[in-house]
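Welcome! Let us walk through this protein together, one topic at a time.

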Amino acid sequence: MAFNIFRKKTDEEPLPLPARVTTDREELFCYGFDASSMQGTPSAVVKPVNTDEVAQVVAFADRKQTPLVPRGAGTGMTGGAVPLKDAIVLSLEGMNRILEIDEKNMIAVVEPGVINGRLQEELEAKGLFYPPDPASMNFCTLGGNVAENAGGPRAIKYGVTRDYVLGLEVVLPDGRALMTGGKTFKNVVGYDLTKLIVGSEGTLCVVTKIILKILPLPGETATLLCTFSKINDAALTVSGITSSRITPRVLEFMDKESVSAVENYGHYGLPADAEALLLIEVDGSRASVAEEADRIAFICASNNGNVSVAGDIYARKRLWEARRAISPALYRIRPTKINEDIVVPRGRVPEMLQALTDISEKHKVKIVNFGHAGDGNIHVNVMTDKNDKDEYERAKNSVKDIFEAALRLEGAISGEHGVGLTKKQYIGMELSDTGIGLMKDIKKAFDPKGIMNPGKMFP
Ligand SMILES: Cc1cc2nc3c(=O)[nH]c(=O)nc-3n(C[C@H](O)[C@H](O)[C@H](O)COP(=O)(O)OP(=O)(O)OC[C@H]3O[C@@H](n4cnc5c(N)ncnc54)[C@H](O)[C@@H]3O)c2cc1C
């Protein structure tokens, strides 16, 4: 039977670190959510401030065979940080120090609770650059980014979190600390446990320290806004740019519904009547930026797009504020959104958008699309209302069709949000029994008692 913090038996071993434990009902409630629609209630929340404290809590959970849920900022979209049953939530928010910015070796060492945007700011002030920039970067933690292998708008040119993680310190489910990888850019000794742990969604171990590769800050950046009166023209522009041998650093797409929702939400000056919008950035030397921006503007115009260039840093920031406002703005359309983040090969984005229109018509539900079109990663939002039973059923039924379409087009059911709770019933659509079996064996090797974030990832 799971350990329950509320049981007051005298022979029961108390949770370690009493000063860091909370069982207040209000706080337990707050730690029961993430950005998905899932909800649970933990038996306790513990907020350790160093690796030794993490190890004490993990070893306790191991002895008691109690489920343990690591948690960053709770911005995950798939229920990964949502506690099931009597789970203890292990919140890493207090481990939030940037331990080292090593300019000589171009490395940053951070604790898992550091907010992504804070590292970005500190690095940029030194002329340095950490590319992975989830749209939630002002709130999400680097530990959560590692656990989800988070991507972001700049992934098209710079890759995702996994491409920057050189080494990790983790606490294994039995309480032992382990260092994987290190500070070198190359290392081929043994299996690559670092890359395996990145994206493991808190199901294998707790990440307590992260060694990241950093880059020099690009010299120049140009931001282009291109609007279209036909969605297909935008889709053709995406494939036109990706096949043009230019690699923009950002190629973001918003459909008509997202543009108007964002504009109604924050009045950013976007043309609310546009059928589709592309936000495009190029970076590099002054000469290359000017040349690439010109070529991209030409491709947009050739596909009937209306192009403008952000004139200064303020105009650029405003466009990014608009882009980052999409998620909250969509709730003005309908109170519930089923958020998927399928990915297809870049050239197949037009086919995927057509498939989404067909699915929307078939199930009679509103589907709003935006996302990282440059790497084929489309955020598909089925807008509904949980209280409208009939519509909610139709919305849920559309999800399988969305995944089938992505897989038919040689894509995947998630590009960056992971599996967690919301997608676990669908992983068999993409992965073979052999693959799932091997993954479960790996989980067992790390976590024989099954205490790490149980009930996630696998059906
Ligand atoms: C508005 C919005 C925009 C977003 N945009 C993007 C985007 O552009 N790209 C993208 O990839 N994602 C995006 N996300 C999703 C989310 O922000 C990312 O998945 C992020 O990495 C989660 O970080 P977090 O700190 O909130 O983690 P949480 O939600 O707290 O946890 C996520 C998972 O990581 C595990 N975990 C957390 N910390 C640790 C740790 N230290 N050790 C082990 N496991 C741990 C948890 O158990 C859970 O399974 C967005 C979310 C929102 C709400």
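## Buried or exposed

A residue counts as buried if 20 or more other C-beta atoms lie within 10 Å of its own, as exposed if 12 or fewer do, and as partly exposed in between, with the C-beta atoms placed from the backbone. T422 counts as buried because it has 24 C-beta neighbours inside 10 Å. What you are looking at is a predicted model, in which local features need pLDDT of at least 70 and side-chain atom pairs count only at pLDDT 80 or more, while totals for chains, interfaces and linings use all residues. Residues are numbered from 1 along each chain as its sequence is written.

You can find T422 in the loop between helix 13 (389–408) and helix 14 (427–430). Here helices (H or I, at least four residues) and strands (E, at least two) are DSSP runs, numbered from the N terminus. Leaving out residues up to four places away in sequence, T422 touches S36, M38, T78 and G79. Two residues are in contact when their C-beta atoms, placed from the backbone, lie within 7 Å. From T422 to N381 there are 41 residues in sequence and 14 Å in space, C-alpha to C-alpha.

## Two loop residues with positive phi

E201 has a phi near 55°, which is a positive value in a residue other than glycine. E201 sits in the loop between helix 6 (193–197) and strand 10. Is E201 buried or exposed? With 22 C-beta neighbours inside 10 Å, E201 counts as buried.

R245 is not a glycine either, and its phi is positive at about 70°. Look for R245 in the loop between helix 7 and strand 13. R245 has 7 other C-beta atoms within 10 Å, so it is exposed.

## Domains and their contact

The protein chain is divided into domain 1 (18–91), domain 2 (98–216), domain 3 (220–327) and domain 4 (334–408). These bounds come from an automatic or database domain assignment. The C-alpha centres of domain 3 and domain 4 are 22 Å apart. In the contact, 18 residues of domain 3 meet 12 residues of domain 4.

Which element gives the most to the side of domain 3 that touches domain 4? Helix 7 does, with 7 residues. That side of domain 3 divides into 10 nonpolar, 5 polar and 3 charged residues. In this grouping, Ala, Val, Leu, Ile, Met, Phe, Trp, Tyr, Cys and Pro count as nonpolar, Asp, Glu, Lys and Arg as charged, and the others, Gly among them, as polar.

## Helix 7 against helix 12

Helix 7 (residues 231–242) packs with helix 12 (residues 349–363) at an angle of about 150°, and their axes are 8 Å apart. That makes helix 7 roughly antiparallel to helix 12. Axes are lines fitted to C-alpha atoms, for helices over the stretch in contact, and angles run from 0 to 180 degrees between N-to-C directions. Angles over 145 degrees count as roughly antiparallel, under 35 as roughly parallel, 65 to 115 as roughly perpendicular and the rest as oblique.

On the helix 7 side, I231, N232, A235, L236, V238 and S239 meet V349, P350 and L353 in helix 12. By class, this contact has 7 nonpolar, 2 polar and no charged residues.

## Around the ligand

Of the 36 residues around the ligand, G72, G76, G80, G144 and G202 come nearest. A residue is near a molecule or strand if its C-beta atom, placed from the backbone, lies within 6 Å of it. Helix 4 gives the most to this shell, with 5 residues. The shell divides into 15 nonpolar, 16 polar and 5 charged residues, and it draws at least three residues from each of domain 1 and domain 2.
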